[in-house]
Amino acid sequence: MNPQALAILWAQWRTLANFYPRARRGGLALSLLLTAVWYGLWILFAVAASMVVAESSSRAELYGFLAPALLLAVLYWQLIPILLASTGASLDMRRLRVYPIPHAQLFRLEVLLRISISMEILILIVGVVSGMLRSPLVSGWAAFAFLPFVFFNLFASVGLRDLLTRILGRRRFREVAVVALVMISMLPQLLVYAGVPEPLKRLFDQTTLIPWPWSATAGMLAGDWGWILVAAQLAWVAAAYVFGRRQFERTLRFDEEAARARGPAGSRAPSLAEWLFRFPSTILADPLAALVEKELRSLMRSPRFRVTFLMGFVIGLMIWVSITFGRVGARGIRENFLAFVFAYSVMLLSEVSVWNVLGFDRSAAQIYWLAPVRQATVLAAKNIAAAVFVCLQLAGITLVCVVFRFPIRPSTVLEAFLVSLIFLLFLMAAGNLSSVLQPRAVDPNQNWKRSSSGRIQALLLLIYPVLSIPFVFAYFARYTWETDLAFYGVLCFTALVAAALYGVALEEASSAARNNKERILASLSQGEGPVSN
Amino acid sequence: MTADAPAIRVTELRKFYGDKAAVDGLSLTVPRGCFFGFLGPNGAGKTTTIKMLMGLAAPSSGAMEILGFRMPDEEIRIKARIGLVPDETLLFEHLTGAEFLEFVGRMYQLQRGVAQERARELMTLFEFDGSSSRKLIGEYSKGMRKRVAMAASMIHKPDLFLMDEPFEGVDAVGARMMKDLLLDQVRRGATVFLTSHVLEVVERLCERVAIIHQGKLIAEGAIHELRSGAETLEDLFVRLVGVDRQTELLDWL
């Protein structure tokens with residue numbers, strides 16, 4: 001490896017070495033625990049894969065297991081960054097391209113860093129290889145077929161990431177691109193729930209004859225080292241290399257500012273959006289009204305928020321429509337379809353509007369401590385803006401349901417709205433606390449990074465189920481006593497608890513914001529190392 | 001031959017952002033060993049020009065030649081010979097100043113030991129002593145960040161310095177030291193190309209200036225040639241760029 005590449009890796013190591021001793025131990029311990037649980041699960045999968053491979057009774061059976069498993073591995077490797085809204089570790093080109101580093105060197109480093117989003121698959125590969133070593137059917141040497149498979153995925157992953165980065169850098173186009181990508185990535189799930197249409201089945205049967213990277217690898221792992229498969233594998237690797245290298249080169253030359261400037265200039269004429277921005281001032285008093293108006297404008301102009309808003313709308317409908325009306329749709333889900341869609345959308349939207357409300361403001365957040373305004377007012381304004389967008393999203397979903405004649409009634413719409421807004425109140429109570437206790441700078445132009453800190457992400461895994469419990473009780477009450485009165489009774493009680501909790505949390509968060517202003521402002525102006533996550 | 005070529009030669013340089021020309025047909029030659037000031041009001045196209053010279057933005061059309069090498073064809077050779085202080089300091093927040101300087105030295109292919117030694121010396125020269133040498137860059141003030149960026153631009157002894165507002169946020173003592181250092185670099189034959197809004201500084205340091213307005217070059221030459229009579233550089237700048245004050249609108253103030 002050349003000295004510049006070593007220096008980049010050294011700088012990244014120093015970045016981590018400097019960061020972790022200063023990080024909070026509680027957060028670190030929780031992150032480590034969750035990492036251990038996550039990779040522990042994958043080790044279990046790897047052990048299972050090892051057993052299946054070792055105990056396969058014929059080569060055909062082995063191929064039958066490996067081909068679809070490797071197809072899933074390719075999908076996971078290439079699509080999981082899209083689903084997780086994170087492209088993993090990658091070089092921070094904005095800062096590195098000022099130095100005289102040969103592009104080929106940067107490309108090699110970038111390929112190495114792509115391993116960071118494929119650790120799970122590499123664990124599975126180790127499992128399969130260990131199974132092959134114990135299998136009497138195939139030679140252990142056949143495991144070398146994984147090498148081209150891994151390189152194919154690494155190169156393709158670099159190319160895909162760079163292609164996405166550039167597409168998402170283009171004004172207006174990125175929102176459409178994200179929604180399209182998410183819809184594509186949701187296809188497997190849709191097929192599982194809704195069933196595979198016959199024409200697609202026939203097409204898939206025919207394409208099994210083509211030596212795709214996964215099927216060729218599976219064939220070679222199962223002992224078929226015919227020249228067609230070997231040549232196909234090498235061709236796939238070469239194609240992925242050319243794709244990855246070309247996309248990487250184009251990203252190096254990419255001018256984000258120019259790309260952002262392309263497309264239609266925003267109209268400044270009075271519009272529906274302008275009416276929406278101004279609306280809070282007609283019913284609220286300043287400074288709350290001014291803060292809400294600012295928040296509505298900022299969120300609406302943030303590409304990351306717009307993308308998440310669209311995703312909440314599209315994914316919410318796609319997932320729940322397929323689950324509800326697909327082959328495996330349960331009656332309980334069907335009856336409360338809208339509540340599920342709404343709750344799912346609220347959860348997605350909360351990622352950019354609840355858990356880290358100061359994040360988008362970054363260093364400009366200091367105005368909240370300079371202006372003669374209470375911190376509670378600032379947080380409340382941000383919450384009101386979030387609630388406005390949630391209501392807009394829910395109204396949009398309802399409209400789609402009406403247009404497509406999904407089986408919804410006015411009573412189910414009202415019920416879903418109430419459940420979602422009370423749920424949102426709970427989320428905002430927790431979100432206000434997380435926003436001041438774990439603030440994190442977020443680039444509102446960056447589409448692919450998480451808004452909240454890793455610790456908050458981990459806590460969300462616990463918070464969502466816990467906050468859902470009162471609503472489960474409400475539905476359970478209706479089911480038990482077979483009356484809506486029981487449902488609304490429990491819901492009323494839940495709303496009172498949520499309101500009280502919100503009030504207490506708001507005051508606590510406000511007090512924490514006053515006491516920790518220096519730490520909050522410092523956190524909101526932080527950057528990263530040569531490799532960004 | 002690169003030794004005879006000017007430090008910078010740009011011809012008919014244009015950069016469009018959408019329909020708007022940020023730089024519009026700029027042609028400019030900066031001789032070697034010169035302290036050159038590149039001036040203009042906010043939004044005139046200074047930062048865009050300097051970004052194109054640094055290889056951080058691609059021109060829409062036109063040609064750039066830096067130290068005799070063509071940009072972007074010979075980008076790596078150019079980058080190896082220039083020292084940069086961009087407008088937004090591209091620093092790594094979780095490194096200490098010394099670590100960052102060593103990193104930059106190694107990016108310019110200095111031996112690790114040499115990079116460490118120079119980093120130590122630059123840290124002393126730029127007065128990052130004791131506790132501040134152990135601080136992370138993320139904890140630095142704006143002036144300290146500019147100082148460390150300036151130190152980083154010098155670690156590989158470049159032939160050309162491209163600097164966008166290098167003194168912004170730096171205290172008087174630090175700014176004086178930085179100016180002296182840059183003058184030393186010009187004396188040894190290096191070229192300094194800087195943008196600054198502090199016209200007194202430009203007047204004191206620069207031999208030649210170029211003034212850009214709305215993407216177009218409106219004046220270029222030695223300061224004493226451009227000024228008329230007892231005119232200061234500020235007077236000249238205001239005369240060329242023009243001001244349109246409408247303070248009567250602020251009668252409430």
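Student: In what order do the six strands of the open sheet in chain B lie?

Tutor: In this predicted model, the order is β6-β7-β8-β3-β9-β10 of chain B, with mixed pairing.

Student: Why are β6 and β10 of chain B called edge strands?

Tutor: β6 (82–85) and β10 (216–222) of chain B each pair on one side only.

Student: What makes β3(B) and β9(B) a pair?

Tutor: Pairing requires at least two bridges between the strands. Four bridges join β3 (residues 35–39) to β9 (residues 208–213) of chain B, so the two strands count as paired. They run parallel. Within β9(B), Ala210(B) is the bridge partner of Phe38(B).

Student: Which strands does helix α1 of chain B touch where it packs on the sheet?

Tutor: Helix α1 (residues 46–54) of chain B touches β3, β6, β7 (160–164), β8 (191–195) and β9 of chain B. Touching here means C-beta atoms, placed from the backbone, within 7 Å. The direction of this helix makes about 145° with that of β7(B).

Student: What does helix α10 of chain B touch on the sheet?

Tutor: Helix α10 (residues 233–241) of chain B packs against β3, β9 and β10 of chain B, and its direction makes about 30° with that of β9(B).

Student: How many residues does each chain bring to the contact?

Tutor: Chain A brings 28 residues and chain B brings 23. On the side of chain A that touches chain B, α1(A) gives the most, with eight residues. By class, that side of chain A has 13 nonpolar, six polar and nine charged residues.

Note on methods:
Residues are numbered from 1 along each chain as its sequence is written. Chains are lettered from A and ligands numbered from 1 in the order in which they are written. This is a predicted model: local features need pLDDT of at least 70, side-chain atom pairs count only at pLDDT 80 or more; totals for chains, interfaces and linings use all residues. Two residues are in contact if their C-beta atoms, placed from the backbone, lie within 7 Å. Ala, Val, Leu, Ile, Met, Phe, Trp, Tyr, Cys and Pro count as nonpolar, Asp, Glu, Lys and Arg as charged, and the others, Gly among them, as polar. Axes are lines fitted to C-alpha atoms, for helices over the stretch in contact, and angles run from 0 to 180 degrees between N-to-C directions.
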